[in-house]
Amino acid sequence: MKYKFCPQCGSELKPKMAGDDGEVPFCYECNRYWFDSFESCVIVLVYNEFDEIVVCMQDYISKVYGTITAGYILLGENAEETAYREVEEELGIKLDNLQYGGTYWFEDGDKLMHAFMAYSPKCELKLSQEVNSAQWVKATKAHKVLFPDSPGNAAMGLLKQYVKMKNLQFED
Ligand SMILES: [Zn+2]
């Protein structure tokens, strides 16, 4: 999001030089810059001892493609806390580990996705209301049910990292 007016006082912002960043919208009333902002989310690939991952169907996102657990980072949370919280809320799994999977820029809605992988022993999933259904799917076949691969697709990026890490091969 690019600011035109000050979110605090409503004054029109004027460009002002901000060192190496060049011109940045500035509020002369509040005496501060307003850098472009965007949302920060986490996305977590949960896998088990059988090389299966959790794939969710969430009607509000798609009735065709599956997703993996994701959610917004709340004010004051770090990305790891969000990852633990979201997986517990959505799948009923209390994780005790996280592996960092890098970040992905998701154009659709300007979101920075912080990606993680996490191991959980195979268990029954206790779904939140946001999740219509979820199941353990073979990682090597999960590409057929997730959104098609693209540069900003963090779920597929994580899946490819996982398949490579485990020396597996995608199956048709
Ligand atoms: Zn202001």
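**Fold count.** I started with the secondary structure: the protein chain has 2 helices and 9 strands. I noted that this is a predicted model. Going along the sequence, I wrote down the pattern β-β-β-β-β-β-α-β-β-β-α. Then I boxed the C-alpha atoms along the principal axes and got roughly 60 × 30 × 30 Å.

**Burial and contact range.** The chain has 172 residues, and 40% of them count as buried. I also looked at contacts with a separation of 6 or more: 58% of those in the protein chain are between residues 24 or more positions apart.

**Zinc site.** Which atoms coordinate the zinc ion? I found the SG atoms of Cys6, Cys9, Cys27 and Cys30, at 2.3 to 2.4 Å. Along the chain these donors are spaced as C-x2-C-x17-C-x2-C. From this set I picked the pair Cys9 and Cys30, which sit 21 residues apart and link distant parts of the chain. Cys9 is in the segment before β1 (14-17), while Cys30 is in the loop between β2 (23-27) and β3 (32-33).

I checked the geometry next. The 4 donor atoms subtend angles of 103 to 113° around the zinc ion, so the arrangement is tetrahedral. For reference, the ideal angle for four tetrahedral donors is 109.5 degrees.

**Helix α2.** Helix α2 covers residues 154-165, and at 1.5 Å a residue its 12 residues should span 16 Å; the end C-alpha atoms are 16 Å apart, so the two agree.

I looked at both ends. Asn153 caps the N-terminal end of α2, with a side-chain oxygen 3.2 Å from the backbone nitrogen of Ala155. Just after α2, Asn167 has a positive phi of about 55°.

Which residues of α2 are buried? My list reads Ala154, Ala155, Met156, Gly157, Leu158, Leu159, Tyr162 and Val163. I then asked what covers them, and the cover includes β4 (39-47), β5 (52-57), β7 (99-106) and β8 (111-119).

**Cores.** The largest nonpolar core has 22 residues. Those with the most contacts inside this core are Ile43, Leu45, Ile53, Ile68, Leu146, Leu158 and Leu159. The elements giving two or more residues to this core are β4, β5, β8 and α2. The largest share comes from α2, with 7 residues.

I took Leu146 for a closer look. Setting aside neighbours within four places in sequence, Leu146 is in contact with Ala155, Met156 and Leu159, and also with Val55, Tyr65, Gly66, Thr67 and Ile68. There is also a second, separate core of 16 residues, which includes Ala79, Leu95, Phe116 and Trp136.

**Thr140.** My last stop was a loop residue. Thr140 lies in the loop between β9 (133-138) and α2. Why does Thr140 count as buried? Its relative accessibility is 7%, and the buried label needs a value under 20%. Not counting residues up to four places away in sequence, Thr140 touches Leu168, Gln169, Phe170 and Glu171. With Glu171 there is a polar contact of 2.6 Å between the side chains.

How values were computed:
Residues are numbered from 1 along each chain as its sequence is written. This is a predicted model: local features need pLDDT of at least 70, side-chain atom pairs count only at pLDDT 80 or more; totals for chains, interfaces and linings use all residues. Side-chain values use heavy atoms; hydrogens and water are left out. Helices (H or I, at least four residues) and strands (E, at least two) are DSSP runs, numbered from the N terminus. The expected span of a helix is 1.5 Å times one less than its number of residues. Buried means under 20% relative accessible area, exposed over 50%, partly exposed in between (1.4 Å probe, protein chains only). Contact means heavy atoms within 4.5 Å. A polar contact is a pair of N or O atoms within 3.5 Å; within protein, one must be able to donate a hydrogen and the other to accept it, and residues adjacent in sequence count only if both atoms are side-chain atoms. Donors are N, O and S atoms within 2.8 Å of the metal (3.2 Å for Na, K and Ca); water is not among the atoms, so sites may look incomplete. Four donors count as tetrahedral if all angles lie between 85 and 135 degrees; four count as square planar and six as octahedral if opposite donors are over 155 degrees apart and all others between 65 and 115; anything else is irregular. A nonpolar core is a set of buried Ala, Val, Leu, Ile, Met, Phe, Trp, Tyr and Cys residues joined through side-chain atoms within 4.5 Å.
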